[in-house]
Amino acid sequence: MGEVYPWQVTLWQQLAGRRQHAHAYLLHGPVGIGKRALAERFMASLLCLKPNGLEACGTCKACHLLAAGTHPDNFVLEPEEADKPIKVDQVRELVNFVVQTAQLGGRKVVLVEPTEAMNINASNALLKSLEEPAGDTVLLLISHQSSRLLPTVRSRCVQQACPLPSTEQSLAWLTQALPESSEAARAELLRLAAGSPLAAVKMHEQGVPAQRAQVIEGVKKLLKQQIGPSQLAESWNAISLQLLFDWFCDWAQLMLRYQLTTDEQGLGADDMRKVVQYLAEKTPQRKVLQIQDWLLAQRQKVMGKANLNRVLLLEALLVQWASLPGPG
Ligand SMILES: [Zn+2]
């Protein structure tokens with residue numbers, strides 16, 4: 001069974017406490033808040049032969065089989081490799097599973113994550129199972145970006161929004177999860193993770209705060225012409241492209257906001273404040289808008305896992321960034 005997070009108490013009761021279960025649920029919300037854990041807990045409860053209230057008992061045959069990953073009435077559909085699409089052949093296997101009779105005589109439960117990893121063909125194959133429910137099958141679809149799903153997929157599910165926990169809840173949980181870190185470091189991690197506590201822990205494990213410091217140091221050197229764009233791009237080899245584009249998009253947005261409001265409170269995180277302010281004051285607004293458009297478009301490609309030439313893309317970014325201050 002998945003871990004139980006304190007911010008999911010109400011969510012759990014809404015979901016598991018329904019009198020009658022829907023044929024398909026769509027659990028949607030930001031990355032890093034425990035949707036998978038919630039879905040696994042729900043799956044265990046739906047498959048358990050002797051549930052204890054809303055919870056799976058953990059001791060019956062179904063619970064043992066599920067824990068061992070050999071429950072015959074359970075199907076998990078996810079990409080074969082991380083960040084790759086779910087293939088249409090995988091969905092066909094799922095469709096076959098859904099029409100079979102449950103072997104343990106109870107429910108069958110399917111978990112799909114992330115649902116947006118299905119292309120149009122795969123989604124259309126899945127629709128068949130969503131449209132023609134077979135027996136007592138429950139489909140749990142998890143999505144981090146439900147706006148990318150086919151409307152026909154969304155409309156056939158009971159949608160369960162999984163919101164971000166409050167900052168207080170997240171910080172309280174992070175205190176337990178990262179007892180070695182300082183309070184300031186935990187707050188910084190949560191901010192970097194856009195408020196997702198599990199993503200914050202992952203970023204801590206991946207050394208993201210140090211990477212960000214490295215990037216900011218590099219940007220300062222670039223603006224002082226102490227390093228060239230290509231050399232700097234090379235030195236960021238170990239840093240995820242998605243993170244880099246998240247940060248630069250954020251900075252461009254902050255620049256624009258400062259130009260419009262000259263509100264120093266709105267300059268964002270301390271680590272980049274001065275640089276953002278300097279750039280906002282020295283750069284014509286037209287150029288900020290231009291680079292922002294460009295950044296947003298590239299970020300879409302990065303998020304869509306397009307096949308990109310990493311070094312060339314970063315060089316293009318840094319060449320434009322270096323030429324921000326001044327007319328032109
Ligand atoms: Zn059980």
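The following dialogue reads selected features of a predicted model.

Biologist: Which conventions apply to the values discussed here?

Modeller: The model is predicted, so local features need pLDDT of at least 70 and side-chain atom pairs count only at pLDDT 80 or more, whereas totals for chains, interfaces and linings use all residues. Residues are numbered from 1 along each chain as its sequence is written, and side-chain values use heavy atoms, with hydrogens and water left out.

Biologist: Which residues are the protein donors of the zinc ion?

Modeller: Donors are N, O and S atoms within 2.8 Å of the metal (3.2 Å for Na, K and Ca); water is not among the atoms, so sites may look incomplete. Here the SG atoms of Cys48, Cys57, Cys60 and Cys63 lie 2.2 to 2.4 Å from the zinc ion. Along the chain, these donors follow the spacing C-x8-C-x2-C-x2-C.

Biologist: What is the geometry of the site of the zinc ion?

Modeller: Ideal angles are 109.5 degrees for four tetrahedral donors. Four donors count as tetrahedral if all angles lie between 85 and 135 degrees. The four donor atoms of the zinc ion make angles of 104 to 118°, and the site is tetrahedral.

Biologist: Is Cys63 buried or exposed?

Modeller: Buried means under 20% relative accessible area, exposed over 50%, and partly exposed in between (1.4 Å probe, protein chains only). Cys63 is buried because its relative accessible area is 9%. Cys57, with a relative accessible area of 25%, is partly exposed.

Biologist: How many aromatic pairs does the structure hold?

Modeller: A pair of aromatic rings is described by the distance of the centres and the angle of the planes. Rings of Phe, Tyr and Trp (its six-membered ring) pair if their centres lie within 6.5 Å; planes under 30 degrees apart count as stacked, over 60 as edge-to-face and the rest as tilted. The structure holds 10 aromatic pairs. In one of them, Tyr5 and Trp173 have ring centres 5.7 Å apart and planes at 80°, so the pair is edge-to-face. This pair links distant parts of the chain, 168 residues apart: Tyr5 is in the segment before α1 (9-16), and Trp173 is in helix α7 (residues 167-177). Tyr5 is buried at 7% relative accessibility, and Trp173 is buried at 15%.

Biologist: Which residue lies over the face of Trp12?

Modeller: A charge sits over a ring if NZ of Lys or CZ of Arg is within 6 Å of the ring centre and within 35 degrees of the ring normal. Arg41 lies over the face of Trp12, at 3.9 Å from the ring centre.

Definitions and conventions: Tetrahedral: all angles 85-135°; square planar, octahedral: opposite > 155°, others 65-115°. Helix = DSSP H or I, 4+ residues; strand = E, 2+ residues; numbered from the N terminus.
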